[in-house]
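User: I am new to this structure and would like to learn how to read its features one at a time. Could you give me the general idea first, and then the case at hand?

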Amino acid sequence: MGTRIFRTVVNVVVLAALASCLFLLAARAYGFGKAVFDEREGTAKSPRTVRFVLKEGNTVSQVADILEEEGFIDSSLVFIVQKYFYDSELVPGEYRLNTNMTGKMILDILSGA
């Protein structure tokens, strides 16, 4: 009898842990999807415009890391996903980027659109 109760308690605890993990995973997935598809233009009180040079051979990962370091985007991973989702091609050149731009706006500019 004691073993059966112990197994039942263990099963309930395991199911509760799995349900919690599933909930946390769903919340993170929702947040990531929202970051990719529901961007808002920045609201910086003193936005800055900067010259950005996209060199031949730069990978999307390198560009995303630079943009994140410079404060143009919040997440390099979100930018990379957006690049592939919007099927953007990064075109080498010199561009002017503003800190209030969304990732999609930056992709449009860097693809020559």
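Analyst: Let us start with contact, which means that heavy atoms lie within 4.5 Å of each other. This is a predicted model, in which local features need pLDDT of at least 70 and side-chain atom pairs count only at pLDDT 80 or more, while totals for chains, interfaces and linings use all residues. Residues are numbered from 1 along each chain as its sequence is written, and side-chain values use heavy atoms, with hydrogens and water left out. As a case, Leu110 is in contact with Phe52, Leu54, Val63, Leu67, Phe79, Glu89, Leu90, Val91 and Tyr95, once its neighbours within four places in sequence are set aside.

User: Which residues have the most contacts inside the largest nonpolar core?

Analyst: In soluble globular proteins, nonpolar side chains tend to be buried together. A nonpolar core is a set of buried Ala, Val, Leu, Ile, Met, Phe, Trp, Tyr and Cys residues joined through side-chain atoms within 4.5 Å; buried means under 20% relative accessible area, exposed means over 50%, and partly exposed is in between, with a 1.4 Å probe and protein chains only. Here the largest such core has 17 residues, and those with the most contacts inside it are Val63, Leu67, Phe79, Ile106 and Leu110. Two or more residues each are given to this core by strand 1 (49-54), helix 2 (60-69), helix 3 (76-85), strand 2 (93-98) and helix 4 (103-110), where helices (H or I, at least four residues) and strands (E, at least two) are DSSP runs numbered from the N terminus. Helix 2 provides the largest share, four residues.

User: Where is Gly93, and what does it touch?

Analyst: Gly93 belongs to strand 2 and, not counting residues up to four places away in sequence, touches Phe52, Val53 and Leu54. Gly93 counts as partly exposed because its relative accessibility is 26%.

User: How many salt bridges does a search of the whole structure find?

Analyst: A salt bridge is a side-chain nitrogen of Lys or Arg within 4 Å of a carboxyl oxygen of Asp or Glu, and the search finds two of them. One joins the side chains of Arg51 and Glu94, at 3.0 Å from N to O, and this pair links distant parts of the chain, with Arg51 in strand 1 and Glu94 in strand 2, 43 residues apart. Arg51 is partly exposed at 48% relative accessibility, whereas Glu94, at 55%, is exposed. Lys104 forms a salt bridge with Asp108, with the closest N and O atoms 2.8 Å apart; because these two are four residues apart in helix 4, about one helical turn separates them. Lys104 is partly exposed at 28% relative accessibility, and Asp108 is partly exposed at 27%.

User: Is Ser88 buried or exposed?

Analyst: Ser88 lies in the loop between helix 3 and strand 2, and it is buried because its relative accessible area is 5%. Apart from neighbours within four places in sequence, Ser88 is in contact with Lys83, Leu107 and Ser111.

User: Which residues form a nonpolar patch on the surface?

Analyst: Patches are made of residues with over 30% relative accessible area and no salt bridge, where like charges are joined within 9 Å and nonpolar side chains (Val, Leu, Ile, Met, Phe, Trp, Tyr) within 5 Å. Accessible areas come from the Shrake-Rupley method with a 1.4 Å probe, and for residues only the protein chains shown count as cover. In this model, Phe6, Val10, Val14, Leu15 and Leu18 form a nonpolar patch on the surface, with about 490 Å² of accessible area together. Phe6 is in helix 1 (residues 2-37) and counts as exposed at 57% relative accessibility. Leu18 is likewise in helix 1, and its C-alpha atom is separated by 48 Å from that of Arg51, 33 residues apart along the chain.
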